[in-house]
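Student: I have a chain open in the viewer. Can we go through its fold in questions and answers?
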Amino acid sequence: MSDYDKPSRAEDEYFAKQELERRKQWAKDRSAKMAVDEKEQLKQAHWMKCPKCGHDLETIDLHGVKIDHCPVCETTVLDKGELEQLLDHERGLFQRVMHIFK
Ligand SMILES: [Zn+2]
């Protein structure tokens with residue numbers, strides 16, 4: 001084997017680095033996929049279940065806002081923005097009552 005055919009130390013390091021990066025990316029991709037699978041499993045197990053007693057939640061209409069309610073333990077679960085919608089409704093009702101007394 002001539003010196004020309006021998007891989008240089010720099011080449012060895014280059015390919016070792018490439019292999020290391022490939023393995024790191026594989027581990028990162030695998031970890032991300034496991035996180036997605038785990039999230040999906042949690043969602044499947046807990047979607048529309050009461051956080052206190054675990055029974056199925058029902059969607060009910062409260063002043064025009066669709067909220068989730070547990071018929072077993074009477075817990076009410078509000079999604080993002082639903083509390084503000086209910087408070088807006090109450091504020092409007094309060095202002096209408098106060099307008100009567102003006
Ligand atoms: Zn419940």
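Student: What share of the contacts with a separation of 6 or more joins residues 24 or more positions apart?

Tutor: Keep in mind that this is a predicted model. A contact here needs C-beta atoms within 7 Å. Count the contacts in the chain with a separation of 6 or more, then take those between residues 24 or more positions apart. That share is 12%.

Student: What is the radius of gyration of the chain, against the globule rule?

Tutor: The chain has two helices and three strands. For 102 residues the globule rule gives 13 Å, and the chain is well over that, so it is more spread out than a compact globule. The C-alpha trace spans about 105 × 40 × 15 Å along its principal axes. The radius of gyration is 30 Å.

Student: How far apart are the end C-alpha atoms of α1?

Tutor: α1 has 38 residues. At 1.5 Å a residue they should span 56 Å, and the model agrees. The end C-alpha atoms are 55 Å apart.

Student: How many residues of α2 are buried?

Tutor: Buried means 20 or more other C-beta atoms within 10 Å. α2 has 19 residues and reaches 28 Å, close to the 27 Å expected. The helix is hardly covered. For α1, too, the buried count is zero. For α2 the count is zero.

Student: Is Arg9 buried or exposed?

Tutor: Arg9 is found in α1. The cut-off for exposed is 12 or fewer neighbours. Arg9 has 8 C-beta neighbours inside 10 Å, so it counts as exposed.

Student: What distance separates the C-alpha atoms of Arg9 and Lys66?

Tutor: Arg9 is in α1, while Lys66 is 57 residues away from Arg9 along the chain. Their C-alpha atoms are separated by 68 Å.

Student: Which strands stand at the edges of the sheet?

Tutor: The sheet is open, with antiparallel pairing and the order β1-β2-β3. An edge strand here has a single partner, so one side is left without a neighbour in the sheet. The edge strands are β1 and β3.

Student: Which residue in β3 is the bridge partner of Asp68?

Tutor: β2 and β3 pair in the antiparallel sense. Two bridges join them. The partner of Asp68 is Val77.

How values were computed
Residues numbered from 1 in each chain as written. Predicted model: local features only at pLDDT ≥ 70, side-chain atom pairs only at ≥ 80, totals over all residues. Helix = DSSP H or I, 4+ residues; strand = E, 2+ residues; numbered from the N terminus. Expected span 1.5 Å × (residues − 1). Pairing = 2+ DSSP bridges. Rg over C-alpha atoms; globule rule 2.2 N^0.38 Å. Contact = placed C-beta atoms within 7 Å.
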